[in-house]
Amino acid sequence: MAKAFAKISFTPSVVKIQKQHGSDKVYSKFLAPDAQGGDQLSEGEAEFIGARDSFYQASASKDGWPYVQYRGGPAGFLKVLDAKTLAYADFRGNRQYISAGNMSENDRVSLILVDYPNRRRLKIWARARLVSLEDNPELVASLHDESYRARPMRAVILSLEAFDWNCPQHIHPRFTRAELEPYVGDLHAQIADLQAKNQSLKTKLSKRI
Ligand SMILES: Cc1cc2nc3c(=O)[nH]c(=O)nc-3n(C[C@H](O)[C@H](O)[C@H](O)COP(=O)(O)O)c2cc1C
């Protein structure tokens, strides 16, 4: 954990409750004048982000209502452009435009990215900027994988404010179909082999009877 995350998240009311529970001593060091970091992505974060095929994104309306929405796409669709910038192509969906509307009046967003098989999660705070397809088709195209079945509507450019790695607690390992395929493929091969052996034994047995 580093300063950038603590500066955003440890508000006076948060610190007040930390004090009530005695955890403020552990966390106050992250707000100390000499504390630093947590506002630039390293290779490790970039690699983790590049492998994700989904994330959850929280935006908030002007009057503070949070709104969490799922974003999914081909692995690596959330791109790390540099240590302080991320971007993704936002797809056409139910045309409610809640996230886009929220981001247009309140640029603060929070993302959580989860690697379920390895039980790792990364939280990100950023300021979002929307660039429409009409305004910059090249930018949107550069963020979109043509082979993925979706219609991009805009680019969402995220200027990183902070990130923090979470502990693995309570993350239940889950696997996508593609992640399971190597294991399921082996099982199918074993079943086919056993079925063939079984059939051959049955044939031999019927010849003896
Ligand atoms: C026809 C259609 C219906 C959808 N209905 C829903 C829905 O009822 N609830 C929902 O959360 N997402 C729904 N989705 C997916 C969302 O549209 C998609 O996640 C979109 O990015 C949401 O944008 P938002 O962040 O502004 O909510 C639907 C998508 C399509 C194409």
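Buried means under 20% relative accessible area, exposed means over 50%, and partly exposed means in between, with a 1.4 Å probe and protein chains only. The structure is a predicted model, in which local features need pLDDT of at least 70, side-chain atom pairs count only at pLDDT 80 or more, and totals for chains, interfaces and linings use all residues. Residues are numbered from 1 along each chain as its sequence is written, and side-chain values use heavy atoms, with hydrogens and water left out.

**Exercise 1.** Determine where Arg95 and Tyr97 lie, and decide whether Tyr97 is buried, exposed or partly exposed.

*Solution.* Start with the elements: helices (H or I, at least four residues) and strands (E, at least two) are DSSP runs, numbered from the N terminus. Arg95 is found in the loop between strand S4 (85–91) and helix H5 (98–105), and Tyr97 lies in the loop between S4 and H5. Next, Tyr97 counts as partly exposed because its relative accessibility is 37%, whereas Arg95, at 51%, counts as exposed.

Then turn to the backbone. Most residues other than glycine have a negative phi. Arg95, however, has a positive phi of about 60°, and the phi of Tyr97 is near 55°.

**Exercise 2.** Work out how many bridges join strand S5 to strand S6, and how these strands run.

*Solution.* Two strands pair if DSSP finds at least two bridges between them. Eight bridges join S5 (residues 108–115) to S6 (residues 120–132), and the two run antiparallel; Leu113 has Leu122 in S6 as its bridge partner. Finally, look at the hairpin of S5 and S6, where four residues stand between the strands and Arg119 takes a positive phi near 50°.
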